[in-house]
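User: I'm new to this one and would like a friendly walk through it. Could you show it to me and then take my questions?

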Amino acid sequence: MAAALASSRCCGRPPLLRTGRDRRSVARCALSGEKGNSFSWKECAISVALSVGLITAPSTFGWSAHASPLQPVIPDISVLISGPPIKDPGALLRYALPIDNKAIREVQKPLEDITDSLKVAGVRALDSVERNVRQASRALSNGRSLILTGLAEPKRANGEEILDKLAVGLEELQRIVEDRNRKAVAPKQKELLNYVGTIEEDMVDGFPYEVPEEYNNMPLLKGRATVDMKVKIKDNPNVEDCVFRIVLDGYNAPVTSGNFLDLVERKFYDGMEVQRADGFVVQTGDPEGPAEGFIDPSTGKSRTIPLEIMVDGEKAPIYGETLEELGLYKAQTKLPFNAFGTMAMAREEFDDNSASSQIFWLLKESELTPSNSNILDGRYAVFGYVTENEDYLADLKVGDVIESIQVVSGLDNLVNPSYKIVG
């Protein structure tokens with residue numbers, strides 16, 4: 001086995017951990033072009049075992065797994081885990097909302113299926129799209145009263161208005177299909193799914209759970225927020241500046257999202273370079289100097305946050321331990337590493353609660369990270385997805401500069417913002 005591990009070193013990936021500018025420890029990820037390749041034997045061991053079919057579920061391979069009073073969670077069969085994995089960031093965010101309204105989901109699903117219908121060759125694609133549109137229209141007509149009932153009272157007026165726009169939009173999409181205008185289908189589909197997402201967010205009444213007391217004074221995002229990250233790309237002659245739109249999900253990761261949004265308002269990331277870009281992830285957030293995270297100027301101390309994982313079927317996140325350490329091998333995370341541009345926190349390898357400011361975006365699947373079944377889910381805290389221009393993440397290189405990250409919406413959902421504290 002040792003020989004097999006040694007020969008397979010090329011298949012390993014540097015761990016998705018906090019970078020240290022002044023250290024050469026294998027417990028940290030390597031920065032492309034800056035540091036020697038660090039290497040995680042555990043990840044390669046898992047990769048080798050998976051490749052030869054030696055294991056059927058995640059194994060510890062040296063990680064300390066301990067007993068827990070929690071029983072393994074086997075989630076209910078849902079759209080998220082039945083059939084092919086969902087990789088669209090918008091769809092993942094819609095299904096991650098804390099709502100239970102079958103009527104709106106029955107409108108949502110056929111609209112999302114249009115994406116696959118458009119992959120069909122020739123005129124059959126529009127025939128398939130037409131079936132999707134009719135199914136969505138029928139579901140909206142039959143379920144309208146149940147959808148209205150599901151709206152939170154403070155948001156009811158807005159929800160009704162958007163629902164009317166959705167109905168009109170479906171009629172417009174039907175005419176687009178009848179006119180055989182294939183190019184107009186995808187933009188209209190995106191518009192209608194945005195309406196669906198807004199309606200579903202209007203079904204959330206307040207924040208659905210209490211954050212544990214020990215974290216309750218930290219910056220918390222109690223809801224969602226959207227930010228635009230402007231990056232100067234050096235090596236793409238066609239794109240000099242690119243703006244990535246990112247949705248932060250505080251419903252499923254309030255501490256993690258709140259920490260990041262607070263740093264955004266402090267302009268912490270503005271002017272910072274991309275520090276890792278190896279085709280697997282893009283990573284940044286390691287400040288200049290000896291510190292490997294954010295030093296709060298009001299305290300002079302490093303601010304770290306706990307590992308925060310929301311499990312499908314649970315009402316609140318799990319804090320401070322990986323799902324593997326809890327023995328929850330079959331659990332599905334609410335925010336999985338499925339989408340290109342999944343955004344998560346980096347941390348120290350052997351300290352679950354050491355995340356501070358370093359963030360990464362997953363770029364592609366590998367033998368270690370197949371969608372819906374990978375070693376990252378439950379080990380790293382996902383807190384958002386890039387929803388626009390995500391493909392350009394692959395063009396980022398070490399040294400590209402984040403010119404700015406600006407809040408577009410949702411700042412009012414941030415509570416306990418430390419950036420407002422003088423000092």
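Predicted model: local features only at pLDDT ≥ 70, side-chain atom pairs only at ≥ 80, totals over all residues.

User: Is Leu323 buried or exposed?

Analyst: Its neighbours are worth a look: leaving out residues up to four places away in sequence, Leu323 touches Ile309, Val311, Ile318, Leu328, Ala331, Thr333 and Gly378. For Ile309, which is 14 residues away along the chain, the C-alpha separation from Leu323 is 8.0 Å. Buried means under 20% relative accessible area. Leu323 has a relative accessibility of 4%, so it counts as buried.

User: Which residues touch the most other members of the largest nonpolar core?

Analyst: In soluble globular proteins, nonpolar side chains tend to be buried together. Here the largest nonpolar core has 78 residues, and helix 5 (residues 124–150) gives the largest share, eight of them. Another core of 21 residues lies apart from it, with Leu335, Ala339, Ala344 and Phe360 among its members. Back in the largest core, the residues that touch the most other members are Leu111, Leu166, Leu248 and Phe260.

User: What does Phe260 touch?

Analyst: Let's set aside residues up to four places away in sequence. The contacts of Phe260 are then Val227, Leu248, Tyr269, Met343, Ile359, Phe383 and Ile405.

User: Which element supplies the largest share of the lining of the largest pocket?

Analyst: That pocket has a volume of about 1500 Å³, and 44 residues line it, with Asp88, Pro89, Gly90, Ala91 and Arg94 the closest to its centre. By class, the lining holds 15 nonpolar, 13 polar and 16 charged residues. Several elements supply at least two residues each, including helix 3 (89–95), helix 4 (102–117) and strand 2 (224–232). The largest share, eight residues, comes from helix 7.

User: How many bridges join strand 2 to strand 3?

Analyst: Strand 2 also pairs with strand 13, in the antiparallel sense over seven bridges, and there Thr226 stands opposite Ser409. With strand 3, Met229 has Phe244 as its bridge partner. Strand 2 and strand 3 run antiparallel, and the number of bridges joining them is nine.

User: Why is strand 2 described as largely enclosed?

Analyst: The count of buried residues settles this one. Strand 2 has nine residues, and it is largely enclosed by the rest of the structure because the number of them that are buried is seven.

User: What is the phi of Lys267 near?

Analyst: Most residues other than glycine have a negative phi. Lys267 lies in the loop between helix 8 (254–265) and strand 4 (276–277), and is partly exposed at 45% relative accessible area. Its phi is positive, near 60°.

User: And what is the phi of Asn389 near?

Analyst: Asn389 is in the loop between strand 12 (382–388) and strand 13 (401–409). Its relative accessibility of 35% makes it partly exposed. Asn389 is a residue other than glycine with a positive phi, near 65°.

Methods: Residues numbered from 1 in each chain as written. Heavy atoms only, no water. Helix = DSSP H or I, 4+ residues; strand = E, 2+ residues; numbered from the N terminus. Buried < 20%, exposed > 50% of the residue type's maximum accessible area, 1.4 Å probe, protein only. Core = buried A, V, L, I, M, F, W, Y, C linked by side-chain atoms within 4.5 Å. Contact = heavy atoms within 4.5 Å. 1 Å grid on protein atoms, 1.4 Å probe; cavity = no way out; pocket = protein on both sides within 12 Å on 5 of 7 lines; lining within 4 Å. Points joined across faces, edges and corners; volume = space filled by probe spheres on them. Nonpolar A, V, L, I, M, F, W, Y, C, P; charged D, E, K, R; others polar. Pairing = 2+ DSSP bridges.
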